[in-house]
Amino acid sequence: MNQLKIRLDHTDLASRKTAVEKREEILKSVARGEIVVIDLSAVLSISGSYADELFGVLAAVTSLDWIHEHVQLVGARESVLRDIASSINRRLSYADRVA
């Protein structure tokens, strides 16, 4: 299986618009049969809105199992991983309450 490597080069990720673009890129790549490797080594902080729009929505439209199977995060600081996990948790909790 081929890999698409995405390096997020900005130290601070905050734009929902940029997050939407990355999410769409991930979904298209996986649809082509690729594993997506996201390099977060340059990222010092990630806003809740960026994390929600990229990772939270991705989890909501697919599943956590899907993410584990198709997306790998590398080089992330613990604080960035916590923010991503928190956004995914909030989004999935909200989806469960609405469903």
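This tour moves through the structure from its sheet to its helices and then to a loop residue.

The structure is a predicted model, in which local features need pLDDT of at least 70 and side-chain atom pairs count only at pLDDT 80 or more, while totals for chains, interfaces and linings use all residues. Residues are numbered from 1 along each chain as its sequence is written, and side-chain values use heavy atoms, with hydrogens and water left out.

**The sheet**

Begin by selecting strands E1 (residues 3-7), E3 (residues 35-39) and E5 (residues 71-74). Strands (E, at least two residues) and helices (H or I, at least four) are DSSP runs, numbered from the N terminus. The three strands form an open sheet in the order E1-E3-E5, with parallel pairing. E1 and E5 stand at the edges with a single partner strand each, so one side of each has no neighbour in the sheet. From one strand to the next, the twist averages 20 degrees. Two strands count as paired if DSSP finds at least two bridges between them.

Next, display the pairing on either side of E3. E1 and E3 pair in the parallel sense over five bridges. Here glutamine 3 stands opposite isoleucine 35, and leucine 4 has valine 36 as its bridge partner. Four bridges join E3 to E5, and these strands also run parallel. On that side, aspartate 39 stands opposite valine 74.

Keep E3 selected and colour it by accessibility. Five of its five residues are buried, so E3 is largely enclosed by the rest of the structure. Buried means under 20% relative accessible area, exposed over 50%, and partly exposed in between (1.4 Å probe, protein chains only). In a regular strand the side chains alternate between the two faces of the sheet. Ile35, Val37 and Asp39 lie on one side of E3, Val36 and Ile38 on the other, and all are buried.

**The helix pair**

H1 lies across E1, E3 and E5, running at about 170 degrees to E1. Axes are lines fitted to C-alpha atoms, for helices over the stretch in contact, and angles run from 0 to 180 degrees between N-to-C directions.

To view the contact (heavy atoms within 4.5 Å), select residues of H1 including Arg16, Ala19, Val20 and Arg23, and residues of H2 including Tyr50, Glu53, Leu54 and Val57.

Centre the view on glutamate 53, in helix H2. Glutamate 53 is buried, with a relative accessible area of 14%. Not counting residues up to four places away in sequence, glutamate 53 touches Arg16, Ala19, Val20 and Arg23.

Finally, select leucine 44, in the loop between E3 and strand E4 (45-46). Is leucine 44 buried, exposed or partly exposed? Leucine 44 is partly exposed, at a relative accessible area of 44%. Leucine 44 touches Thr11, Asp12, Arg77, Ser79 and Val80, not counting residues up to four places away in sequence.
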